[in-house]
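This briefing covers the pockets of the structure shown below.

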Amino acid sequence: MRRVAVTGLGVVSSIGVGAAEFADGLRAGRSGARPIGAFDTEGFAHNVGCEVVGFDPAEWLDRPERLPRAGQFAVAAAKLAVRDADLDLADAATLVSVGTTDGGSDRGERIAEAVVRGTEVTAAEAARVPAALLSVGVARELALSTVEVSTIATACAAGNYAIGDAFDAVAIGDVDVALAGGADAMCRMTFTGFYRLGAVDPQCCRPFDVARRGILTGEGAGMLVLEPLDAAVARGARIYAEVLGHGLNCDAGHPVAPDRDSVGRCMRLALDNAGVEPGDVDLISAHGTGTKANDVTECGAIQDVFGPRPPRTVSVKSMLGHTMGAASALSAIACSLAIAEGFVPPTINHGVTDPACDVDCVPNASVPAQLRVVQNNALAFGGNNSVVLFGRN
Amino acid sequence: MATVISAWTATSPFGHGRAAFVDGVRAGRPAPAVTAADDWHPEPDTGHQVPDFDIENELGRKGTGSMDRTTALAVRTLGRLCEDEVVPDERTGMVLGTTSGSAQTQFAFTAESLTRRKPYFVNPALMPFALMNSAAARCASWYGLTGPNTTIAAGRLSGIAALRYANRLLRTGRASGLLVGAAEEYGGARVLLERRAGSAATLGEGCAMLFLQPSSTVGNRSALAEVVGLDTRLVHDGAPRRALVECLRRVLAGVAPEAVWGVAMSGPDPASVTMEREAVAEAVGRDVERVVEPGALIGDTGAATGAFQLAALLGLAEGADESRGRLAVATAVDRDGMVGCVVVRLLGGSGIAMQVRGSR
């Protein structure tokens with residue numbers, strides 16, 4: 001097994017594009033919340049989301065019209081990550097793995113709307129729906145041919161699934177380099193679904209707060225470059241962090257409610273895989289959606305594993321909203337930046353911590369900290385859990 | 001460490017279960033087709049549907065009220081394996097391929113939001129079934145699969161993508177065994193998307209599922225096939241045949257031409273099948289004895305195509321003594337530009353019923 005380093009970060013988010021701008025946003029506790037413009041929100045009582053504004057796909061892609069918006073985000077983030085890693089992929093055996101919840105569903109729902117309204121559905125629109133396009137699009141725009149592509153569709157944990165598989169692929173020598181992360185675009189279907197479940201906050205996302213009312217839907221992409229640690233050292237690459245290991249399991253239970261015991265088991269799987277004791281973990285970047293059920297269950301599971309005084313536990317969704325398949329990838333990038341730059345991103349919009357979520361969520365302002373090991377949680381509908389551990393190199 | 005296929009089954013337009021599929025493939029005649037239309041595709045369309053597949057009849061009323069057909073096909077297919085041959089343990093998991101999940105459910109959800117008095121007067125129970133991980137997640141819930149549970153959206157390359165991902169989970173010890181396959185439903189939303197995207201192929205539906213294990217946990221005598229290798233390419237120059245030949249040559253390097261016993265094509269239409277056939281002939285250097293085209297028998301089954309190809313090869317190999325120890329090849333082509341192949345060695349085993357139970 002080879003050790004695996006994170007050497008490049010690419011970000012498209014509502015609080016900044018590129019690793020440096022994103023790091024500034026995290027450190028400043030910037031909020032991406034704004035009125036949704038991606039789709040018509042008439043008839044909804046509130047319409048706040050964390051949208052990426054000012055993104056021009058033509059800046060990043062040769063053929064933007066071939067991809068859904070999530071695919072365009074993925075390409076931009078991948079190009080940023082490769083540039084950040086200062087890496088030439090021409091002769092490298094490469095894995096491109098992109099996690100997503102909705103894939104091209106933002107196009108699909110426009111097609112459904114056209115049928116409902118009796119307007120025409122074009123060939124170009126239909127061709128942009130398949131979710132495979134996210135990873136295929138990255139490979140195509142990066143001109144990679146002998147490449148393993150993978151679009152992982154395990155809902156809101158998909159980013160971590162992609163990073164976990166990329167870790168394995170690099171560690172056991174299947175590939176020389178992996179580009180892994182997640183991407184999603186604002187989708188009316190997702191907003192409507194969470195809204196109907198009473199799980200969208202009217203104003204802002206406030207994880208672990210006694211007054212929290214749910215998620216804000218968000219969008220964006222995060223991509224990480226993973227390569228063997230030895231290779232990274234040999235070429236003098238900047239190493240943000242080392243991927244120490246991961247764990248994945250399934251609740252095999254309720255369709256949407258997380259299972260405390262199963263989530264705890266997933267964290268233990270990851271800790272065991274990384275060879276890390278709970279006491280070594282200095283920070284947890286939680287799934288932390290800001291829904292009543294998630295935060296209580298997740299904090300309970302954290303205490304089951306880490307004891308009554310767990311490490312600081314933050315939610316970057318307070319700043320980014322819930323970017324679905326991109327969420328755990330952006331969170332993984334936040335973990336890498338936190339380790340490399342020595343700070344803990346805050347949980348913003350925080351008033352009073354819910355006693356049922358008894359964690360230090362680093363309210364509202366980031367703090368400097370030297371971090372050894374950081375844990376990244378992701379819990380999806382369907383009970384698809386994935387936990388990835390990052391360490392300082 | 002080798003990975004072996006130790007069991008499989010299918011729910012197909014030929015009927016429910018493995019025997020119906022094997023009989024249909026051996027007979028080599030297309031499954032019955034029906035003509036249907038719905039709000040999403042009002043013009044009548046003829047496709048190969050799974051006969052007599054009523055979700056409530058198959059799975060009962062509990063938890064099925066809003067269930068999509070893709071998920072139901074997957075749950076029912078897994079049920080056949082769990083009832084007969086596969087006994088899951090705590091680290092048994094699932095890797096399913098998909099195109100875009102259940103388009104029918106996603107479109108229905110959007111239509112409700114657009115046509116009701118308020119845009120949020122939608123059926124919340126539909127939501128989990130509109131997500132692409134619905135089939136794998138419901139399968140896990142139905143049969144208690146607590147191991148890794150992953151959905152890979154690779155379209156017509158899903159068979160290869162899911163096998164590759166699953167193989168890695170087994171090689172890294174993250175799962176004790178994995179149910180690998182895909183389901184694809186027939187419905188007006190999918191018909192609309194396929195026709196608008198330019199496909200004139202007859203569509204089909206169904207689910208095929210294989211059980212993958214490390215060879216160390218199942219006696220070689222009982223395994224059906226061993227995964228020899230796989231490879232994929234992204235075509236940039238519009239020449240899929242050349243890319244497919246490269247994939248085949250890489251995986252079959254050092255293999256004598258006569259070692260290849262069977263090949264299954266992915267193509268949903270004659271042009272694609274011809275291209276795949278020519279690529280195999282070029283890479284192998286001779287005509288392969290057994291050739292099967294599931295697309296011509298059960299229609300274009302989208303993401304399930306790859307699993308159906310392997311199922312067809314395994315079905316044909318049953319009782320064919322000359323196949324034992326030789327190779328079977330499945331090729332795949334997607335309109336997104338991906339091509340690939342997977343090669344398995346046929347072991348002539350009869351399935352794993354005794355061994356899995358005995359190993360626990």
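In this predicted model, helix H4 (123-127) and helix H5 (133-141) of chain A, along with helix H8 (188-196) of chain B, each contribute at least two residues to the lining of the largest pocket. That pocket has a volume of about 650 Å³, and the second largest pocket has one of about 560 Å³.

**Largest pocket**

- The lining consists of 35 residues, and those nearest the centre of the pocket are A:Ala127, A:Pro130, A:Leu133, B:Asp334 and B:Arg335.
- H5(A) gives the most to this lining, with five residues.
- By class, the lining of the largest pocket holds 15 charged, 13 nonpolar and seven polar residues.
- The largest pocket lies between domain 1 (3-217) and domain 2 (225-346) of chain B, because both domains give residues to its lining.

**Second largest pocket**

- The volume of the second largest pocket is about 560 Å³.
- Its lining is made up of 22 residues, and A:Asp174, B:Arg164, B:Leu230, B:Asp231 and B:Arg250 are the closest to the centre.
- At least two lining residues come from each of these elements: strand S6 (147-152) of chain A, and helix H7 (158-171), strand S9 (225-234) and helix H9 (240-251) of chain B.
- S9(B) supplies the largest share of the lining of the second largest pocket, six residues.
- Nine residues of this lining are nonpolar, seven are charged and six are polar.
- Domain 1 (3-217) and domain 2 (225-346) of chain B both contribute to the lining of the second largest pocket, so this pocket lies between them.

Key
Residues are numbered from 1 along each chain as its sequence is written. Chains are lettered from A and ligands numbered from 1 in the order in which they are written. This is a predicted model: local features need pLDDT of at least 70, side-chain atom pairs count only at pLDDT 80 or more; totals for chains, interfaces and linings use all residues. Side-chain values use heavy atoms; hydrogens and water are left out. On a 1 Å grid over the protein atoms alone, a cavity is a set of points where a 1.4 Å probe fits but cannot get out, and a pocket is an open set with protein on both sides within 12 Å along at least five of seven lines; lining residues have an atom within 4 Å of a point. Grid points are joined across faces, edges and corners, and a volume is the space filled by probe spheres set on the points. Helices (H or I, at least four residues) and strands (E, at least two) are DSSP runs, numbered from the N terminus. Ala, Val, Leu, Ile, Met, Phe, Trp, Tyr, Cys and Pro count as nonpolar, Asp, Glu, Lys and Arg as charged, and the others, Gly among them, as polar. Domain bounds come from an automatic or database domain assignment.
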